[in-house]
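Subject: Structure for you to look at

Hi there,

Here is the structure I promised to send over. Please open it alongside this note.

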Amino acid sequence: SGLNLDEANLQGTSISNSKFPNSKFSETNFSNSDLNNIDLSFSDLLGANFTNAKLSDIDFTGSNLSGAIFTGAYIENTLFSNSTIYGTKFIGTYLEKSVFDNSQINSALFLGSEINDSSFNDVFIENTNFSGSIITKVNLSNQNFSNNIFQNVMLNSANLSNSILIDSNFLMTDFGSANLSNTNLIGTNLLKSYFKNTILDDILIDSTTLTDSCFENDIINTIQ
C-alpha cells in the first residue's frame with residue numbers, strides 16, 4: 001500500500017520525480033507547491049488543496065479528486081484519466097495538454113479557466129460550470145454535456161461533434177471555428193452566441209434559443 005498523508009501540510013514544497021500510487025492525501029495542503037513528474041495514480045485526494053500550485057507531468061489516473069481545489073493552479077501534461085471529479089474546483093486555473101479521458105465529472109467548477117490542447121474523450125460531465133473560460137483546441141466530441149453551463153465561454157476550434165448538449169446554457173459563447181457537426185442542441189440556450197467558420201452539419205436545434213446570435217461564414221448542411 002502507499003503513503004498515508006491525510007491532512008498533511010505540504011504547502012510551498014517542491015517535489016519531483018517521485019512515485020506515490022495508491023496513497024492517501026485526503027485534505028492534504030499542496031498549495032503554492034511545485035510538483036513535477038509525480039505518480040499519484042489510484043490515490044485518495046478527497047478535498048486536497050492545490051491552490052496556486054504548479055503541476056507538471058502529474059499522473060492522477062484512477063484517483064478520487066472529489067472536492068479538490070485547483071484554484072489558480074498551473075497544470076500541464078497531467079493525466080486525470082478515469083478519475084472521480086465531483087465538486088472539484090478549477091477556478092482561474094491554467095490547463096495545458098492534460099487528459100481527462102473516461103473520467104466522471106459532476107458539479108465541478110471550471111470558472112474563468114484556460115484549457116488548451118486537452119482531451120475529454122468518453123467523459124461523463126453533468127451539472128458542471130465552465131463559465132468565463134477559454135477552451136481552445138480541446139476534444140469534446142462524442143460526449144453528453146446535458147445540463148451544463150458554458151456562459152460567456154470561448155470554444156475556439158473546439159471539437160464538439162457528435163455530442164449531446166441538451167438543455168445546456170451557452171449564453172454569449174464564442175464557437176469560432178468549432179466543429180458542432182451531428183450535435184444535439186435541443187432545448188439549449190444559445191442567446192447572443194457567436195458562430196464564425198463553425199461547422200454545423202446535421203445539428204438538432206428544436207426548442208433552441210438563438211436570439212441575437214451571429215452566424216458568419218459557417219458550414220451548414222442539414223438542420224433538424
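Predicted model: local features only at pLDDT ≥ 70, side-chain atom pairs only at ≥ 80, totals over all residues.

Residues are numbered from 1 along each chain as its sequence is written, and side-chain values use heavy atoms, with hydrogens and water left out.

Rings of Phe, Tyr and Trp (its six-membered ring) pair if their centres lie within 6.5 Å; planes under 30 degrees apart are stacked, over 60 edge-to-face, and the rest tilted. That rule gives 22 aromatic pairs. One of them is Phe-30 with Phe-50, stacked at 4.8 Å centre to centre with 0° between the planes. This pair links distant parts of the chain, 20 residues apart: Phe-30 sits in the loop between β1 (14-19) and β2 (34-39), and Phe-50 in the loop between β2 and β3 (54-59). (Strands are DSSP runs of E, at least two residues, numbered from the N terminus.)

Phe-30 counts as buried because its relative accessibility is 2%, and Phe-50 is buried too, at 0%; the cut-off for buried is under 20% relative accessible area, with a 1.4 Å probe and protein chains only. Phe-145 and Phe-150 make an edge-to-face pair, 6.0 Å centre to centre and 90° between the planes, and both are buried.

Now the sheet: three strands, open, in the order β5-β7-β9 with parallel pairing, where pairing takes at least two DSSP bridges between two strands. β5 (84-86) and β9 (124-126) are the edges; each has a single partner strand, so one side of each lacks a neighbour in the sheet. β7 (residues 104-106) pairs with β9 over 3 bridges, and Gln-104 stands opposite Phe-124 in β9.

Happy browsing!

How values were computed: Helix = DSSP H or I, 4+ residues; strand = E, 2+ residues; numbered from the N terminus. Buried < 20%, exposed > 50% of the residue type's maximum accessible area, 1.4 Å probe, protein only.
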